[in-house]
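Colleague: Before I plan anything around this protein, I would like to go through the model with you and hear what stands behind each term.

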Amino acid sequence: MSISVPKIALVGGGQIGGVLAQLCAMRRLGNVVIFDIVDGLPQGKALDIMEASRVDGFDGSITGTTDYKDLAGSDVVIVTSGVPRKPGMSRDDLLTINAKIIKSVGENLKVHAPNAVVIVISNPLDAMVTLMQKATGFPANRVIGQAGVLDSSRFASFIAWELGVSVKDINAPVLGGHGDTMVPLVRYANVGGLPVMELLERKYKSADKAKEVMEKIVQRTRDAGGEVVNLLKTGSAFYSPASAAVQMTEAILRDEKRVLPVCAKLNGEFGVNGYYVGVLATLGKDGSGVVQEIALNAEEQAMFDKSVNAVKTLVEDMGRLGL
Ligand code: APR
């Protein structure tokens with residue numbers, strides 16, 4: 001009998017990379033290899049987490065490396081290499097520096113992890129996923145981005161706090177690019193199947209007040225990453241992006257076919273062709289599957305189009321940089 005343990009590679013052993021390694025271990029998702037260019041950093045983090053294995057009851061291995069060869073046989077690669085933003089920066093400001101890093105990472109993954117599903121977290125997300133697919137040459141379903149799971153979790157959290165209900169019963173999808181133009185879909189947000197707006201109207205006994213409250217929640221969702229950056233001052237969110245990517249990894253490794261907000265390459269859906277953008281898609285062993293088309297009203301479609309245009313502009317900017 002041969003039993004193969006999944007192998008998860010983490011490219012980037014910084015803030016997100018460290019939390020990713022610990023979460024993968026604690027959820028027993030498989031063996032983990034952390035790769036970074038800073039010698040000692042991935043090895044030190046791996047050793048630190050491994051030394052808690054008795055406490056956490058984890059029997060798998062976590063190793064650190066600066067050698068891409070150690071990524072051989074990876075099933076899933078999660079990429080966080082690059083720089084995070086500081087206060088006053090937008091995600092788009094990271095384009096030039098992170099694009100060069102992602103290109104070189106992609107070229108190495110093509111050689112050393114040719115069968116993996118790649119989940120990109122580095123920002124600006126939609127552009128970095130686009131570049132990763134180009135650099136690896138992998139089929140589009142095997143190169144995806146994490147943004148929507150986190151944006152939707154933020155949206156759901158703010159709704160839960162407002163309504164005083166369990167966040168577990170909330171579904172609140174956020175589509176579009178992972179930037180200031182992202183599209184929280186208020187009309188589809190629900191608590192246990194009940195439209196959120198109905199619950200807000202019940203709470204405030206006023207449709208106008210409910211609308212005003214929801215507008216603030218939507219804006220807070222769009223600005224949520226920046227809110228954390230402004231508090232931390234030295235970098236960007238890392239616990240929540242790691243949790244979100246681990247949920248996606250679990251869906252892939254266990255072939256769960258979960259329907260999650262994923263940055264996936266569109267092939268005509270929503271009238272978009274050939275661009276990576278956040279949509280609801282099935283996630284399983286082959287990466288992203290069916291993209292769920294959603295009937296958008298004119299206002300939602302306009303917001304979605306604006307967001308897609310922002311992604312297109314970034315991709316064109318990359319083209320001008322020769323990437
Ligand atoms: N290959 C591998 N790792 C690299 C490379 C490279 N070419 N270049 C930089 N790194 C590493 C850095 O050494 C660092 O350890 O990437 C790591 C990034 O970690 P942090 O600076 O702590 O950043 P983090 O908070 O983890 O965010 C990473 O995710 O959410 C996005 O905007 C965020 O783009 C940023 C990324």
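Colleague: What distance separates the centres of domain 1 and domain 2?

Modeller: The centres, taken over C-alpha atoms, are 22 Å apart. This is a predicted model, in which local features need pLDDT of at least 70 and side-chain atom pairs count only at pLDDT 80 or more, while totals for chains, interfaces and linings use all residues. Residues are numbered from 1 along each chain as its sequence is written, and side-chain values use heavy atoms, with hydrogens and water left out.

Colleague: How do you know where domain 1 and domain 2 are divided?

Modeller: The bounds come from an automatic or database domain assignment, which gives 7–147 for domain 1 and 148–323 for domain 2.

Colleague: What makes the two domains count as being in contact?

Modeller: Contact means heavy atoms within 4.5 Å, and by that criterion 47 residues of domain 1 touch 51 residues of domain 2. The buried area, meaning the accessible area (1.4 Å probe) that two parts lose on being put together, summed over both, is about 4000 Å² here, with carbon and sulfur atoms giving 68% of it. On the domain 1 side, Arg91, Asp126 and Ala147 supply 16% of the area buried against domain 2, more than any other three residues.

Colleague: Which residues are the closest to the ligand?

Modeller: A residue is near a molecule if one of its heavy atoms lies within 4 Å of it; 24 residues surround the ligand, and the closest are Gln15, Ile16, Asp36, Thr80 and Asn123.

Colleague: What makes proline 124 stand out in its loop?

Modeller: The peptide bond from asparagine 123 to proline 124 is cis, with omega near -5°. Proline 124 sits in the loop between strand 5 (117–120) and helix 5 (125–136), where helices (H or I, at least four residues) and strands (E, at least two) are DSSP runs, numbered from the N terminus.
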